[in-house]
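Hello,

I am passing on the structure we discussed. Please look it over; my notes follow below.

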Amino acid sequence: MRTATIVALAAAWPLGQLTAKAQTVGVPALPADLADFVAYAETDLPAHFRPGTPSGAAIAALDNTPADNPLTNAGATLGRVLFYDPRLSHNNSTACASCHQQEHGFTDPDPVSEGFDGELTDRNSMGLANARYNGSGAFFWDERSPTLEHQVLQPIQNPVEMGITDLGDLEAKLAATDFYPQLFEQAFGTPEVTSERMSAAMSQFVRSMVSYNAKFDQAFREGGPPDFGSVLTVSEERGHQLFADRCDGCHRTNAQVSVDTHNIGLDLISDEELGTDEGAGDGEFKVPSLRNVAVRGTYMHDGRFDSLEDVIRFYSTGIRDNPNLDPLLTLPNGRPVRFNFIDQEVADLIAFLGTLTDDVLLTSEMFSNPFVTLAGDYNDDGLVDADDYLVWREAFGGTDNLAADGNGDGLVDSSDYSVWRDNLGATWESLMPSDAAFAAVPAPSGAALLVAAAWCWRSRRPRKLPAG
């Protein structure tokens, strides 16, 4: 593990900032120094991923990073915030990360995902590890998006997934926060929030999800051949040999990626009129990297299998005769391949696939959800100010709209006013760590309180304004 490139946030948050708050989306709590995505995904890559070695050259040749959108630390940081932000959905309920969960290899363990309004998607959520090395450069199961930059905006606009009908409205929504203009300026030089910049930043974040810290990778020595025997168990090594003999025609390189779409014989025929998913055409589908495959939960484009054993037994005896079956799975007589794995071979293959689990990618803070509650920020714009008082005032005494329930007791009352008052003037930047500990929320000055109170009272009289 290259811990020097993994930026970790401090272990303990002030409890008041971690308290769950109903109907809130929160603000990002980012390290004071940018996480070094460039080091992690580029300069600190191990030898078997670098162009200077034969195995690394094979991987690097598949890199789909465009010349006009190179990876930057500021860009990937912005992309991380966007990736986890439910503001990108119509009703502030769903983020990209809702369907691409870090602990499951940036996919969804359910067969299909639930969209912003409770409807279900048509296909299983794809894992994102090593998406940078998707050689075709096209994305989605059917490769309908020609680039990652195009793909990342599509779920946002999908009527089932995130439901944004006008990207212009979303731009204005993000620009109204205190933090997005700053993050966009840090990444692109000016504070303008545009969908093109959103696309570039999210693409950078996804491309930074390179997986090279699995048990499998420990067998590679700097500049030398891999020594799997000293790293893998007997069963894992037997599975590795089986994989090399039977599986790496599609799952290539040490990144375990594919350069083509494939019809693997999931169905007897591929006919749109009969309801069979055509995929990219003729029943062919994209093949995601196998990194972290053991923690995904469901498999194939429709999530029809819920275990690796089911997947392997399908390849063993279940490949269906199909006029469009991939040549790699077709015998000279035109019949589908039957690998006929015995039980021990199934177990060995499962054991080997487990060695592709990258716990660094699954747990690293630099790829985790940065959003937390800023106490008193009742409109979630990253700044505790008079606008938040208005949210409290409108919701006072109610239990339906709990946006201003700052203390999490299920009622908007005078105690929540105190939360706002005590944090007046705090911003999202107050949550940045300093010297390995988080900076305290600044106490509001008396002058600031007077100005805010005067502004609020001038707007219109509240139902009840507690003393103090």
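Leaving aside its neighbours within four places in sequence, which residues is Tyr 133 in contact with? This is a predicted model, and in it Tyr 133 contacts Leu 45, Phe 49, Ile 59, Leu 62, Asp 63, Asn 64, Val 210, Ala 255 and Val 257. Tyr 133 sits in the loop that runs between helix H5 (96-99) and helix H6 (148-151), and it is buried, with a relative accessible area of 2%. Its C-alpha atom is separated by 9.9 Å from that of Ala 58, and the two residues are 75 apart along the chain.

On the cysteines: the whole structure contains zero disulfides. Cys 247 is in no disulfide either, as the nearest cysteine sulfur, in Cys 250, is 8.8 Å away. Cys 99 counts as buried at 13% relative accessibility, whereas Cys 247 counts as partly exposed at 22%.

On helix packing: the axes of helix H4 (residues 73-84) and helix H9 (residues 180-188) come within 7 Å and cross at roughly 150°. Angles over 145 degrees count as roughly antiparallel, so H4 and H9 are roughly antiparallel to each other. The crossing of H4 past H9 is left-handed. H4 contributes Ala 74, Gly 75, Leu 78, Val 81 and Leu 82 to the contact, and H9 contributes Tyr 180, Leu 183, Phe 184, Gln 186, Ala 187 and Phe 188. Of these residues, nine are nonpolar, two polar and none charged.

Regards

Definitions and conventions. Residues are numbered from 1 along each chain as its sequence is written. This is a predicted model: local features need pLDDT of at least 70, side-chain atom pairs count only at pLDDT 80 or more; totals for chains, interfaces and linings use all residues. Side-chain values use heavy atoms; hydrogens and water are left out. Helices (H or I, at least four residues) and strands (E, at least two) are DSSP runs, numbered from the N terminus. Buried means under 20% relative accessible area, exposed over 50%, partly exposed in between (1.4 Å probe, protein chains only). Contact means heavy atoms within 4.5 Å. A disulfide is a pair of cysteine sulfur atoms within 2.5 Å. Axes are lines fitted to C-alpha atoms, for helices over the stretch in contact, and angles run from 0 to 180 degrees between N-to-C directions. Angles under 35 degrees count as roughly parallel, over 145 as roughly antiparallel, 65 to 115 as roughly perpendicular and the rest as oblique. A crossing is left-handed if the near helix is turned anticlockwise from the far one by less than a right angle, and right-handed if clockwise. Ala, Val, Leu, Ile, Met, Phe, Trp, Tyr, Cys and Pro count as nonpolar, Asp, Glu, Lys and Arg as charged, and the others, Gly among them, as polar.
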